[in-house]
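The sequence and the structure are shown first.

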Amino acid sequence: MGRKLDNLIAALPEDRRERVDARFEELRGEVVSLGDLRRAAGKAQAEIASVLKIKQPSVSKIEKQADMYLSTLKSYVEAIGGQLELVVRLPSRAALRIERLGDVVAPKAVSVRSVKRADRAARPLP
């Protein structure tokens, strides 16, 4: 018969048990998936679906996605009562927080013709 984890930990020296407990507390504060994040917030998929005005299976699908739009992630995090922050860490700088992506107002579409006309107008006459 196998040994129980509690017995193995109890057999460790005191300093080692303290390190194991500290690491456990550290890991307990981390989440691996959106489902873990939702459970940590004490929410059910049905609650999230109601807030997002989608069906519960769609919430399940979001939680299983490996890649998604930041807007989808932001909506999901806000639906569980959180706030999403995007932080960039560069080697030679302090952490930078991105407030928004892209322009607040969508830029006007620029046609290739208008770019060519502007280019011709900027050239000096021969």
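Burial is stated by relative accessible area: buried means under 20%, exposed over 50%, and partly exposed in between, with a 1.4 Å probe and protein chains only. By that scale Gln65 counts as partly exposed, because its relative accessibility is 35%. The model is predicted, so local features need pLDDT of at least 70 and side-chain atom pairs count only at pLDDT 80 or more, whereas totals for chains, interfaces and linings use all residues. Residues are numbered from 1 along each chain as its sequence is written, and side-chain values use heavy atoms, with hydrogens and water left out.

**Overall fold**

- The protein chain has seven helices and two strands; helices (H or I, at least four residues) and strands (E, at least two) are DSSP runs, numbered from the N terminus.
- Along the sequence, the elements of the protein chain follow the pattern α-α-α-α-α-α-β-β-α.
- Of the 126 residues in the protein chain, 11% are buried.
- Contact means heavy atoms within 4.5 Å; among contacts in the protein chain between residues at least 6 apart in sequence, 32% join residues at least 24 apart.

**Helix α3 and Arg38**

- Arg38 belongs to helix α3, which spans residues 34-40.
- Arg38 counts as buried because its relative accessibility is 8%.
- Leaving aside neighbours within four places in sequence, Arg38 is in contact with Lys43, Ala44, Gln45, Ile48, Glu63, Tyr76 and Ile80.

**Helix α4**

- In helix α4 (residues 45-52), the buried residues are Gln45, Ile48 and Ala49.
- Seen down the axis of α4, these buried residues fall within an arc of 100°, so they line one face of the helix; the arc is that of the directions from the helix axis to the C-beta atoms.
- Ser50 and Val51 are exposed on the other side of α4.
- The cover over the buried residues of α4 includes α3, α5 (56-64) and α6 (70-79).
- Ala49 touches Ile54, Lys55, Gln56 and Val59, when residues up to four places away in sequence are not counted.

- The buried residues of α5 are Val59, Ser60, Ile62 and Glu63.
- Seen down the axis of α5, its buried residues lie within an arc of 160° and therefore line one face of the helix.
- Pro57, Lys61 and Lys64 are exposed on the other side of α5.
- Elements that cover the buried residues of α5 include α3, α4 and α6.
- In α6, the buried residues are Tyr76, Val77 and Ala79.
- Seen down the axis of α6, its buried residues fall within an arc of 160°, so they line one face of the helix.
- The buried residues of α6 pack against α3, α4 and α5.

**Nonpolar core**

- A nonpolar core is a set of buried Ala, Val, Leu, Ile, Met, Phe, Trp, Tyr and Cys residues joined through side-chain atoms within 4.5 Å.
- The largest such core has eight residues: Leu34, Ile48, Ala49, Val59, Ile62, Tyr76, Ala79 and Ile80.
- Helices α4, α5 and α6 are the elements that give two or more residues to this core.

**Loops and backbone**

- Lys53 lies in the loop between α4 and α5 and is exposed, because its relative accessible area is 75%.
- Lys53 has a positive phi of about 60° although it is not a glycine.
- Most residues other than glycine have a negative phi.
- Gly81 follows α6 and has a positive phi, near 95°.
- Gln65 sits in the loop between α5 and α6.
- The C-alpha atoms of Gln65 and Ser33 are separated by 9.7 Å, and the two residues are 32 residues apart along the chain.

**Largest pocket**

- A pocket is an open set of points on a 1 Å grid over the protein atoms alone, where a 1.4 Å probe fits, with protein on both sides within 12 Å along at least five of seven lines; lining residues have an atom within 4 Å of a point.
- The largest pocket has a volume of about 350 Å³, a volume being the space filled by probe spheres set on the points, which are joined across faces, edges and corners.
- Of the 13 residues that line the largest pocket, the closest to its centre are Lys74, Leu84, Ile98, Glu99 and Arg100.
- Both α6 and β2 (96-98) supply at least two residues each of this lining, and the largest share, four residues, comes from α6.
- The lining of the largest pocket divides into five nonpolar, two polar and six charged residues; Ala, Val, Leu, Ile, Met, Phe, Trp, Tyr, Cys and Pro count as nonpolar, Asp, Glu, Lys and Arg as charged, and the others, Gly among them, as polar.
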